[in-house]
Every structure is written in C-alpha cells, then in structure tokens.
Amino acid sequence: MSAPIDLEEVCWHALPSSEIAKILDVDLTGLSPSEVGRQATRFGPNALPKSPRRSPLLRFLAQFNNTLIYVLIAGALAAALLDHMIDAAVIVAVVIVNAVIGHIQEGKAEQALEAIQQMIAPKASVVRSGIRQTIPVSEIVPGDLVLIEAGDRVPADLRLLHARRLLIDEALLTGESVAAEKQEAVLPEETVLADRRNMAFSGTLVAAGQANGIAVATGPHTQIGRISELIQSVEAMVTPLLKQIDQFARRFTWFVLAGGLALFAFAVLVRGYDWIDALIAVVALAVGIVPEGLPAVITITLAIGVRRMASRNAVIRKLPAVETLGATSVICSDKTGTLTRNEMTARRIISARHTMIASGSGYIPEGHLQIAGTGDQADAMAASMPLIRCGILCNDASLRKVGEDWRVEGDPMEGALFALAMKAAVDPELERTEWERLDEIPFDAAHRFMATLCRGSDGATALLVKGAPEALFAMTSPDDIGDWERAIAEAGNEGERVLAFGAKPMPSDAERISFDDVMAGVRLLGLVGFIDPPRLEAKEAIAECRSAGIAVKMITGDHAATALAIARQLELADDPQAMTGLDIEKLSDEELERIVARISVFARTSPEHKLRIVRALQAQGQIVAMTGDGVNDAPSLKQADVGVAMGIKGTEASKEAASMVLLDDNFASIVSAVREGRTVYDNIRKVISWEIPTNGGETLAVVLAILLGFALPMSATQILWVNLILAATLGLVLAFEPTEPGVMQRRPRKRGAPLLSPFLLWRVVLVSVLFAAVTLGLFFHTLDQGRGLEVARTMVVNMFIVAEIFYLFNVRYLHMTSLTWRGALGTPAVLIAIAILLLGQALFTYAPFMNAIFGSRPLTVDDLALLVLAGAALMLLLEGEKHLMRRLGWFKELND
Ligand code: ATP
C-alpha cells in the first residue's frame, strides 16, 4: 500500500475511474464504515493545520501596552524612588489586577468565539454504503464519493465522475475570475492545474450545476493545503462600537494627562502642596478617571451576547452584527423553512379532468388518494399516474425510515413526491431502475424548474420536467394552459405550494438535454398542491416584532397567492399587500423606495430583486436584516445590515456572506437574536452609565479639595484602592445583566444614534455632582465631630463604595424603576460581586494591616448606619429622577 504522500504524485485527471478506485483501494459506490475507518487512520482528518494561537504570556504582556499603564508604571517608579513604597506597591497592584482581568476576559471571549465557529463547521454530502448522507467536511476521507451542487464549497480535491452544467469559481486557487466549466472526461497527463476540467479543488466555490466525484486528496494534501497552510483565522473582537470606545478612551487619556499636569502645577505652585504628595494624588486621580477597563468590559458584554445568541440558535459570524441586530427595524425573511416548517405533504393532485386529495400527513408513506367531488375513482387514478411517475423520475430525493420516523434525504418537496408515489402504490425505487436517467438540468431558483431525460426499459425516451407553473406554461402551447390557472389560484389561496409537471417524448437516441429541448413542446401532465404549515413560533415572533416596531417582510420564490395566504395566517401585517418580482422590474429605484414600506409580501422574486428591496429599504433609513440560502443570495446578504444565512438548508456561499447563521433555519431565532442584540446594547449603556459618573464623582471631590485648598478627602492610595476593588467586582457585573422586561416593546434605536446620548451625559454630570456632594458632606461632618482626618477619609472611601452599590441597582434598569422585588434581588453575579466588595471593605476598614497600609480607621455601627442611609437616599433620589425624566419626556430614548 502506498503512503499518503504518494497520492499527491498521482495524475488523477489522466486516469479513468476504474484506475482511481484501484489506486485508492475502494469501490466507486461509496465507502463502507470499515473502509472509512481505515482511510481516516491512514490520512487523518480533512482539515488544514490551525494557525498557532498567540501564547498566553504574550497576550498577558500585551495588556501592558497602553499609554496609561506606562504613566502608571512611571508613577510607581517615581513613588518607589521617593521612598513611598506603599503607594508604589498599590499602583503596581492596580496595574497587575487590571492586566489579569483584561487577560482573562480576552481569553474567554476568544474561546467563546472559537466554540461558536465550531457550531457552523461546514458540512458535505457523501454517499456511503449506498446511502446519501450529510457529514462534517472534516470527516471526508480519500475514496469518499462526494456530491456537490451550486453554492457548495468543494470539500476536498475531487476527481469528477459525473458533472452536469458544473461551473466552479476557482479564483482562490488560480486567480481566474471567470468560473471554470467542468466535465468528467479523462484528460492528458500534461494538463496544467487551471485546465484540469475533470477535477474540483478543495475550497473552490460551485457557482452552478451539480456533480459527484471521488475524493482523492484531503486536508493538507489538497492543492489549497499545499499552497496555503493557514487560511483559517479567528476573527478579532472588533466592532464599530468597540473602536469608538477605544478611541474615546485613548483621547480621554491624553486629556486627563494634560488636566492632571495643570492640576499638579496648581496644587504645588498655588496651594503649596508637597510636590511628591501632589504628584501621587494626581497620578491616582488619573488612574481613577480614565475608564481603562471599559473596552475590556464591553468586549466581554459582546462575547456574552454572542454566547447567548448561540444558545438561541443564532450563530454570529461577524461581530458588528451583535450591535446592529439590536437596531434592526425591518426583517426580510424567506418563506419556505423559515416562516414555514418546510415539512411538505402533497395534498392535492390535479390532472386534466380530475382533482384527487391525498390523505396522511408528513412523510409517512401511508394514506391513499381519493377523488374530490364526483367522478370515477379509477379514472382519476389512471389520469394521475403519469404525473406521479414524473414526480419520481424528475426527483433526486429519497425517503428513509429511521426508527419510527421517515426522513427525507434531499429536497423536502421531492421527498413529499416520493411519499405520494408510495401512497399511490407506485414503488419509487423500482420506477427509477426501470427508467434510467441519462441527463438532467438541475433545479435552479433562477429558472425555477428541473428536467430529466429518462429511458424506459422498452427504449422509450422522455424528457420530464417539474417546476413553478409559470415556468412550465412557458414551455407549452398557450391553448394547453386552459383551466390550470384557476386551479392554481384555488390551491394558492389555501396556502398550498403548487408545482406543475410536464413531459415531452424524445428521440430514442437522445443522450443529452439542453434548455432548447425544454423550451417548447412540453405537455402539461398536471399540478400538485403541497401543504407546508406555518411555524407556530414564527407567528409569535412576528407579533413580538410588531410590538417592537420592527416590520417583517416575506421575500419568497413562491407564487403570490400562496405567499399571501401564509402571510395572512402568520399575521404579517393587518392587511398584507403582495407584489411580484415582475412588478418590481417595472419600477424605478425611486418608485420602489416610495412603496417598499407598504408591501409585506414579495413573491416570485429572484436574488436581484432581493438586492433592490434591501437597497430601497436602506434608502428609507431602515436597518435591514435579510435572510438568504441560495448561491446567488450572497450580494443581498452582504448588502443587508445583518445578513442571515440558514444553517440547515443554506449553501456554504450564503453562510460565508452572512453575518449570522441560524442553526435551526427558524424565523423565531432571528427575533431572539434581535432581543439579545438589544440587551447587549442596553448592557453596554449600563456599563458606561455606571462607570463614568463613578469616576467623575471621585475626581470631582478630589479636584474640589485641591482647587479650594482643603485637605484631600482621600489619599492617593485610597483612590487607587477604590478603583482596584471596584474594577474587580461591580465593574464586571453589568455585562451579565439579563434582558430588561419590555425590551421588545420599545422602538428600534435610530441608525447612528450616539452611545453617549444626551441622557447619559446628563447622568454623568448629575451623578458626579451627587457623589461628590454626599462624600464631601460626610467628610466635613466627620471632621466637625473632631474624629480626625483618617476617620473622615475612611468614611469617604466607604461612602463611595456604598453609593456605587446603590447606584448599580439604579442603573440595572434604565427604562423602568429598580424598586421592585426583581430589582432588589439582583442576579448571582451582582450578589457575588457585592459580597466580595463588602469583604474587601471590611478588611480595609477593620484589619490592622490594611489600616497600616491605607491609613484607614475602624468605623462605629452608627457610622455604618449613616453610610447606608446616605446611600439609600441617593438611590431614592435617582429613582425619582428616572421617573421624573420619563414623565417630562426630555429624553426621547427613555420613552421609546
Ligand atoms: P423561499 O424563497 O421562501 O425559500 P421557495 O423555496 O419557494 O421560497 P425557491 O426555492 O426559489 O423559493 O423556489 C421557487 C419556485 O421554484 C417554487 O415556488 C417552486 O415552484 C419551484 N421549485 C422549487 N423547488 C423545486 C424543485 N426541486 N424542482 C422543481 N421546481 C422547484
């Protein structure tokens, strides 16, 4: 047996399939489990080596690469040189704690993203032991019989055995932008890579058609594996919001440094402070006011949002989507499979003179066909037979019984036709062996039909076609259309999806079919109406969207009557209006923009129409989430503010273009993601509205002391302590806040609304002033009692902490009162953080060693009671303010 490396030397394109099978030591009907096992041990997984992760040490060191940290380290050095060892040690502790928190958070965020990427690991179709199945791409082994179709990424290097209208975009490998046509014939040995038309290379994109082929190289042995070792990468945690915050923090640092310098000069020159004390106090203050932890907390908030969305079956591929989702104002959704269950049952069979109704539900092939109305049952049955047969032969799907369940392999509608045949006592497998398939034109959403060329055991040859009724009408003579249209409207109005069937005799020597063959002379055999029930959860989700000010639009390839009927069942709008792709074509962009908001159903649309609809909506200032699954949906998915691909029925091409993938293809999951998106945004605002005024209050108190020339209410080490203990506790918990009630009763936030909204700015000022007032009040009160500067400062530090705790409860609900049971109980994260914080404060206040380090003093029970009272009064005041502001309606965001 040859070693794996030898396979790379084989000229697969120059060998006939029998030789290939011999070299790989497999047969061409698909591997058996034991063969798969053997190949897997021999060749390993079909994956490229991962890019090495940045080492934990490097990541840790990177945390120190920050202007502010340099200033801090310089401050610590200065303090040490001047023999202020305690100050130096505390500054170093702040730096290290910050770095550790940042490091852990970053690591967690990275891990979360990686785990999520695993959830949308690409899948491929293979035939093993004669059965078609879907497996993760990484499990493909050399010798596997692989099926590919439009929209797939080729999962391994394949030698094609059978290719139909196959076009592959090989730009990745050859740089050639025009898709290459592929076929299966043997090529000369010297053919260069770009011309190997009977090979499909791993990583390239199937633009059209379908094919099967045998995997001849996997993982690092593929062409792409040989030229590029590292094409997988973890996307960096960067979003527009994060960039904005990062930039803000950086600018703010410089502003603070300049302000600090001025304050230092003032303190020494005007107020005559000892310059070392002044320097250390100013440095401490700078550390206090700069929200250096903010980017890290926001990153973790985003990462938690991503994780929560994933647990609701919405996997984020591009991080900015987390932010945009919360602002979504229109969701454009496919119908089949997203709003409906995509569990098709053929119900109505309409032949020229009869209509029959099939009993039974789902894919269980039990039930029978009964003539509707009057007429002869046997006659009706005989008239339906050609149609049912066409449904089996122009069909790639099959049904498989797994336990008690019947499962479809392939398209659900084709699966339903398979079940229909069995109900009519036709054996689909037997039919398929008697009628050999010679050629086919695969289904494509662009032409909306599928055709096959089949030869019966008696030599009769026929072209069979099934597709959208309009597509088939174009193939038949106009007189033949007759009453069909009325039947279609009838079935459509009931929400049935209608498919038409046709046939055309072909010369007995025909081997291939082309579009020209299909375009004329087809005789209509009849219609089948399928039911595809709406998803119950989609109906609820649509109601939620409507209360959240989000419009929902259905964009479907299906017939307008069917789509409207389903839209009504789902209560998409009060009186849903429909429009077809043809109507759209008649409108200019401006005209479309004018009416797009009023239309809720777009039927018989193609991918180009989707793109125009998104653009029209965006021109109206809407933030659009758009679903897509086909190979041609990539442009509209990219254009949409949030492109949403389907995890189950979506093509790889659509998943790659999308910013979010739905694991369950369910509309309700988009709405869950929007809810989580709104929560993330709320939480980021909560983090900011807690953190900034907190820093502001501290700074204001100290700056006032320097400016007015009274004793500092906190020593430098105490300022650092407050920052340290808060950053490690309360600073983190708001990222974990659950969704506020009523989040889906608000209107979506406006495009480009600033994060630091007028309300937040107002809050920064108000809370800073209140905090400074309360702490300074207590400071002077304690001094007045003659208990000395140390006790007064200990009161100030504890007052800050108590005020922060109360304020946290206030901030947890920005849109409603916090004075509820739910508000009072907090979350585990909140309670744990408070417990640690209180423990830290108890040590700070009562432990002799802490008293020595920080110059703090034990407080009496009365002192503690006073602190809590003051904190509670602050909270009540701020609750009153929240209520008043909502009543006054000054800040629109509170009332939306
Ligand atoms: P949605 O866009 O909501 O998912 P859809 O699945 O109906 O709707 P397409 O897959 O583009 O959209 O199908 C468009 C039309 O093409 C269908 O309404 C049907 O008439 C026809 N069609 C769909 N699948 C097949 C198929 N496998 N063979 C033949 N015709 C098909």
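**Chat: ring pairs and a helix packing**

Biologist: Hi! Are Phe771 and Tyr807 buried or exposed?
Modeller: In this predicted model, Phe771 and Tyr807 are both buried.

Biologist: Nice. How many aromatic pairs are there?
Modeller: The count is 8 aromatic pairs. Take Phe771 and Tyr807: their ring centres are 5.9 Å apart and their planes sit at 80°, so this pair is edge-to-face; over 60 degrees counts as edge-to-face.

Biologist: And which helices hold Phe771 and Tyr807?
Modeller: Phe771 is in helix 29 (residues 758–784) and Tyr807 in helix 30 (residues 788–811), so the pair links distant parts of the chain, 36 residues apart.

Biologist: Okay, what about Phe844 and Phe854?
Modeller: Those two make a tilted pair, with 5.5 Å centre to centre and 50° between the planes. Phe844 belongs to helix 32 (residues 828–846) and Phe854 to helix 33 (residues 848–854), so the pair ties together parts 10 residues apart in sequence. Both Phe844 and Phe854 are buried.

Biologist: Which residues do ring pairs link into a cluster?
Modeller: Phe710, Phe779 and Phe780.

Biologist: Changing topic: how do helix 26 and helix 30 pack?
Modeller: Helix 26 (residues 667–708) packs with helix 30 at an angle of about 155°, and the axes are 10 Å apart. The two are therefore roughly antiparallel, and the crossing is right-handed.

Biologist: Which residues meet there?
Modeller: From helix 26, they include Lys686, Trp690 and Glu698; from helix 30, they include Phe800, Tyr807 and Val811.

Biologist: Last one: where does Arg749 lie?
Modeller: Arg749 lies over the face of Tyr681, 3.5 Å from the ring centre.

Note on methods: Residues are numbered from 1 along each chain as its sequence is written. This is a predicted model: local features need pLDDT of at least 70, side-chain atom pairs count only at pLDDT 80 or more; totals for chains, interfaces and linings use all residues. Side-chain values use heavy atoms; hydrogens and water are left out. Rings of Phe, Tyr and Trp (its six-membered ring) pair if their centres lie within 6.5 Å; planes under 30 degrees apart count as stacked, over 60 as edge-to-face and the rest as tilted. Helices (H or I, at least four residues) and strands (E, at least two) are DSSP runs, numbered from the N terminus. Buried means under 20% relative accessible area, exposed over 50%, partly exposed in between (1.4 Å probe, protein chains only). A charge sits over a ring if NZ of Lys or CZ of Arg is within 6 Å of the ring centre and within 35 degrees of the ring normal. Axes are lines fitted to C-alpha atoms, for helices over the stretch in contact, and angles run from 0 to 180 degrees between N-to-C directions. Angles under 35 degrees count as roughly parallel, over 145 as roughly antiparallel, 65 to 115 as roughly perpendicular and the rest as oblique. A crossing is left-handed if the near helix is turned anticlockwise from the far one by less than a right angle, and right-handed if clockwise. Contact means heavy atoms within 4.5 Å.
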